[in-house]
Amino acid sequence: MTLDDLRVFVAVCRTGSLSAVARDLSCTQSAVSQHIKRLERETGITLLERHPRGVIPTPAGQLLHTAAGGGLGDIDHALRRLRDLVHGEAGSVRITTGATTVRHFMSKAVVAFRHRYPNVSLEFQTAHSSRGCFDALLAGGLDLAWITLGETVRGIEQRPVVELPWVLAVRTDDPLAAKSGIDIADLARIHLIGLPESATSRSRLDAWLVESGIEPTSDTSVADWDTAILLAELGLGHAIVPDLPGWHGPAHPDLQLVPIPELPTLWTGWAIRRWDALSPLARAFADTVEENCSAAFSAAPPMMGNDH
C-alpha cells in the first residue's frame, strides 16, 4: 500500500468515476484500477461498488476514505511546507474555487500578489460547488478554497470575508426595474432563471422561497451567476443573485439590480483545513484577497431604483 494508492482511492471516492480520475492523472483507467485492486488485496475487503453510472465506496471503503482523506491532506500539506522552506519565496499557492470567483473576488488581488511575490506559482483548480471545494481540500494538496459559506463540515474551517445582499436582476424596461425594493408579492410573479442546482447559493435561495410560500415560474437554468445576469439583461427572465460590484456601471447598460431586503444575506469567504497551519505564502495570498475585497465591496455603488 502506497501514498499514491491512497491518493487515487480518495480521488475515485470523490468523483465516483475511475475514468475521470484517469483523465485528471493523465493515465489509463487500468492504471487507476490497479491502485484500487492493490488496496483491496492488502486490506482483504471490497472497497468500491461498481454501478452503471460509476462507483461508490462500500461501508469499508467509506471508512478508509474518511481516514485517508484527512491523513493525506496533512501529509501533503507538510511536504509542501517543507518545499517552501527549501525554496523560500519561490513556492506555490493552490486554490480551488468556482469558475467565476477569480473575476469577481480575486482579480486585483492576483495582480497585487504577483507583484509582491513574482516567483510564486498560483494554481487554480475549478470546482462546481462548495461541496466539491471541501472534497478537494480534504483530499489534500490544496491550500485554500473560496466558497459560499454554509453548513459546518468536519475537518474544515470556514472564514467569512464578504457579505452579499441579494438583488433581482431585470432588464431596465421591466416594470420591476422602477422599484426601490422587491417584496414577496413581486417574487410570486417573476419568471425565474434558476441558479446551479449544486450551488450553496441555490439551496439557500430555494429554502427561503419555500419558507416564504413562493413558487416562481422557472424553465431556464444556468451554470453560474454571470450567465444568469446575461440572460436577465437580454430579457429572458429574472435572476435572483447576490449583488456584485462588477455588474454595476456602463458594462451592463440594460441591466437593473433591485434589492430584495427580506432575503437574508449570503456570505462568501475562505475554507481551509487549518488556518494556523497555512504556509506564509498561502496566508499572504488570503490576506491580499481579503484586503482587496474590503476595498472593492465597500466602494460598490448603492442599489437604487433606476440608477446604475
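I took contact to mean heavy atoms within 4.5 Å. I worked on a predicted model, in which local features need pLDDT of at least 70 and side-chain atom pairs count only at pLDDT 80 or more, whereas totals for chains, interfaces and linings use all residues. Residues are numbered from 1 along each chain as its sequence is written, and side-chain values use heavy atoms, with hydrogens and water left out.

**Entry 1: the open sheet.** I took helices (H or I, at least four residues) and strands (E, at least two) as DSSP runs, numbered from the N terminus. Two strands count as paired if DSSP finds at least two bridges between them. I looked up the open sheet and found five strands in the order β4-β3-β5-β12-β6, with mixed pairing. At its edges stand β4 (121–126) and β6 (157–164), each of which pairs on one side only. From one strand to the next the twist averages 25°. I then followed β5 (residues 144–148) and β12 (residues 266–272), which pair in the antiparallel sense over four bridges. Ala 145 stands opposite Ala 271 in β12.

**Entry 2: the helix across the sheet.** Axes are lines fitted to C-alpha atoms, for helices over the stretch in contact, and angles run from 0 to 180 degrees between N-to-C directions. I found helix α6 (residues 130–139) lying across β3 (92–97), β4, β5, β6 and β12, and running at about 160° to β5.

**Entry 3: α1 and α3.** Helix α1 (residues 3–15) packs on helix α3 (residues 29–43) at an angle of about 110°, with their axes 9 Å apart. This makes α1 roughly perpendicular to α3 (under 35 degrees is roughly parallel, over 145 roughly antiparallel, 65 to 115 roughly perpendicular, and the rest oblique). Among the residues that meet, I noted Phe 9 and Val 12 in α1, and Ile 36 and Leu 39 in α3. The contact residues divide into seven nonpolar, one polar and three charged (Ala, Val, Leu, Ile, Met, Phe, Trp, Tyr, Cys and Pro count as nonpolar, Asp, Glu, Lys and Arg as charged, and the others, Gly among them, as polar).

**Entry 4: α5 and α10.** Helix α5 (residues 101–116) and helix α10 (residues 280–298) pack at about 125°, with their axes 8 Å apart. The two helices are therefore oblique to each other. Residues that meet include Phe 105 and Phe 113 in α5, and Phe 285 and Phe 297 in α10. I recorded twelve nonpolar, three polar and one charged residue in the contact of α5 with α10.

**Entry 5: a parallel pair.** Strands β8 (residues 191–194) and β9 (residues 217–221) run parallel and are joined by three bridges. His 191 stands opposite Thr 217 in β9.
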